[in-house]
Amino acid sequence: MKTSLQFTLPWLLALSITGFAFESVFLQKIPVWKKPVIRCVHADTSMPRVNADQFCQALGRSAPELGRPDCRIEGEWERDSLIAKYLAWAGRNMDPRVKPILLSARHPSVADRLRKLDDDYLLLFSRNQDTTWVALFTGKSTEPQALAYQVESSFNAEGIAEQIGQTWFSATPERRLSAKEKAAAAIEPDVSFGETPTFDTWISLGGGWSQATIPLTPTSWYKGKKEQRIRYYRNTTDSLSGWNFLEDESPLISIRTGFTWQGFVGGELFALRTTHKMKIDKRDTIYQELDHWDFTRYEIGLTVHATIRKTLGERWETQPHAFVGFHYSILQEDIALKSSVAEASAQYRNRIQFEPFYKGAIFGIGNRLVWKGFLALETRVGLNNRGRSLDKEEGAEDAAPEPTIIAGSTLDCFISASLEYHWLRRK
Amino acid sequence: MRFPFWLILFTLVVLQGCTQAKWVDRHPVYAKGSPLGEVGMPELGDRWILVRGPWFAEKLNLSASQVYDTMGVLIQDAFSDAIQSAMPALRTISPRIMDTLAPVESQKMDQRIYLKARFPAQGQLITEDGFAIPQLLLIHELTLGPDLSRNTLYDYEKANLDSEGKFRKVKSIKAIVTWTLWDNHKQRFLVSGISEVSTPWQDQVGMQLRKQVEELIHSLAKRMEADLMGREP
């Protein structure tokens, strides 16, 4: 019981304070101007009047960035019987459930007056028993842009001014444009506008990193393969993945050429080169004859990609893309004995051989940051696999099991960055 | 049992795509099933439209110049009767008040559905003999004709599909009414709707068009009352 009181009391206190708080019914995006012109009107003549000077001072206190607001009571609007009728109607229809469109002005001449407000703000005050309502009109709309109410036994315009300053006018104010500046801005060319090139071709040179460990995956997946060592030039417990024989981590060099058609689909021809040391077990004395044993991997293939173009100002453009493709992977051996060794051992002569080539698949995502349409920095990440599919084939029970293809399934991931030169054709 | 998850997902996506058109629009202050206050309804007057008059003329053995007069009287009387039986508490008032309303405006029901209507101006209280009735039921227009659809009349995305059936054989007769329940004191709409009913038609001896139209208008009034109260007819 005590604990529940401890929890409920502060809430009750908070409620009793916020009971008089300024409640927002709706708030659309309002532009906030420096030195704003605020025109106040009352829904009906019998309600207490707003003091424009005091209202302005209170608003200036709570939102000092506004500069000096210019507040005035729009007596002319209140004396115009058509507008007065609308204001009274709007005051009667203010409700916590109401939507902006349900308070819009229907009469053409009233709507016209509201549309001509432009950068000025019109605040409509209405009082209904203990509730003070305030609606804000601005811009070229015939609907109120914001509506809020405050429950208080006396009409307190200054209190409302402070609340408005903290909520509706809390954004950083901008300078109002003069009529001349507005006219100029209306015909200013749009920097984001550019024709989509019909054909975009490029060549690229890049570098990166390739490894077997895919980030955010458990290390236990790779532990066995990475700790594996080759004994006597050919023995490992498992030979399915190339990473049982080769060091997986390697710098990557890439050359590519490609095209994008109509700014959204295209293809690319690529060549990748990585270098890998063989993981020999140094405890075997047989390796004393060996000087070095490395493999260079070349991968040549094709990808297709889809991209979208987005301009970032006048000079820059970004093109996120996704690609998928296939390639041929070739491992080129580089092995030599020490010059002092006269004849190679039998194990050396019968060392493991990889397949002449492997077929593989590649996919990934990337982004191209283009400068002035011709120079680009392209970054990409992806997965790259080579080998045959590992589906079990249905066969006769007495059929001999197929021999395992060495490095029949080798997967790695890569990250790379490249510099591109583009040729654009616009039609 | 394993439920195919993708099938459920697909169904949801499809259902999301075909959200129903909104034929009844309510003001947020006027919840579904709110009781009616004292309601007055201006008589239908001339706010009716007969589509394919020559077809009616042929079926009723009337000349082309007579059909609109005859059908006009029929529609007005039938609607007046039908409303009296569907909403007995309703008070009929003179159609003359319609002339004092604001010019024609569009009322948005949905993203694609608009109705054209004349409402009292903001701040204009409608009185009869010095008494302001709290609520008004405004009938904007009543359309009667063979093989109509409210889609082609009020949904602007489907409006261009109307022409295809111009000379088709008549299968049904339809009546469509657009209406608004109006808060006279606060000058705001409470419910607006477009209600439609239809009756099948076959070119047979013994099919009585006049009687069928009367029954159709009676069921239209019932449908309108159900839409207004937010329940199934």
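This is a predicted model: local features need pLDDT of at least 70, side-chain atom pairs count only at pLDDT 80 or more; totals for chains, interfaces and linings use all residues.

Analyst: Residues are numbered from 1 along each chain as its sequence is written, chains are lettered from A and ligands numbered from 1 in the order in which they are written, and side-chain values use heavy atoms, with hydrogens and water left out.

User: What is the secondary structure of chain A, in helices and strands?

Analyst: Helices (H or I, at least four residues) and strands (E, at least two) are DSSP runs, numbered from the N terminus. Counted in that way, chain A comes to nine helices and 15 strands.

User: What percentage of the residues of chain A count as buried?

Analyst: Buried means under 20% relative accessible area, exposed means over 50%, and partly exposed lies in between, with a 1.4 Å probe and protein chains only. Chain A has 427 residues, and the part of them that counts as buried is 42%.

User: How many helices and strands are there in chain B, and what percentage of its residues count as buried?

Analyst: Chain B has five helices and 11 strands. Of its 233 residues, the buried part comes to 48%.

User: Which elements of chain A do the buried residues of helix 6 pack against?

Analyst: Helix 6 of chain A covers residues 157–167, and its buried residues are A:A157, A:G159, A:I160, A:A161, A:I164 and A:G165. Contact means heavy atoms within 4.5 Å. The buried residues of this helix pack against strand 1 (22–27), helix 2 (52–62), strand 4 (118–128), strand 5 (131–139) and strand 6 (146–151) of chain A.

User: How is helix 4 of chain A oriented to helix 5 of chain A?

Analyst: Axes are lines fitted to C-alpha atoms, for helices over the stretch in contact, and angles run from 0 to 180 degrees between N-to-C directions. Angles under 35 degrees count as roughly parallel, over 145 as roughly antiparallel, 65 to 115 as roughly perpendicular and the rest as oblique. Helix 4 (residues 81–93) and helix 5 (residues 108–115) of chain A pack at an angle of about 85°, with their axes 9 Å apart. That angle makes helix 4 of chain A and helix 5 of chain A roughly perpendicular.

User: Which residues make that contact, and how do they divide by class?

Analyst: Helix 4 of chain A contributes A:L82, A:I83 and A:Y86, and helix 5 of chain A contributes A:S109, A:V110, A:R113 and A:L114. Ala, Val, Leu, Ile, Met, Phe, Trp, Tyr, Cys and Pro count as nonpolar, Asp, Glu, Lys and Arg as charged, and the others, Gly among them, as polar. The residues of this contact therefore divide into five nonpolar, one polar and one charged.

User: Why are helix 3 of chain B and helix 5 of chain B described as oblique to each other?

Analyst: Helix 3 (residues 64–86) and helix 5 (residues 209–229) of chain B have axes 8 Å apart and pack at an angle of about 40°. With that angle, the two helices of chain B are therefore oblique to each other.

User: By class, how many residues does the contact of helix 3 of chain B with helix 5 of chain B have?

Analyst: Among the residues that make the contact are B:M71, B:L74 and B:I75 of helix 3 of chain B and B:V213, B:I217 and B:A221 of helix 5 of chain B. By class, the contact has 12 nonpolar, three polar and five charged residues.

User: Is A:L216 buried or exposed?

Analyst: A:L216 lies in the loop between strand 7 (199–211) and helix 8 (220–227) of chain A, and has a positive phi of about 70° although it is not a glycine. Its relative accessibility is 92%, and A:L216 therefore counts as exposed.

User: Where is A:Y232 found, and what is its relative accessibility?

Analyst: A:Y232 is a residue other than glycine with a positive phi, near 50°. A:Y232 is found in the loop between helix 8 and strand 8 (250–261) of chain A. A:Y232 counts as partly exposed, and its relative accessibility is 37%.

User: Which residues does A:A322 contact, leaving aside its neighbours within four places in sequence?

Analyst: A:A322 lies in strand 12 (residues 316–337) of chain A and is partly exposed, with a relative accessible area of 38%. The C-alpha atoms of A:A322 and A:G364 are separated by 5.9 Å, although the two are 42 residues apart along the chain. Leaving aside those neighbours, A:A322 is in contact with A:V304, A:H305, A:A306, A:G364 and A:I365.
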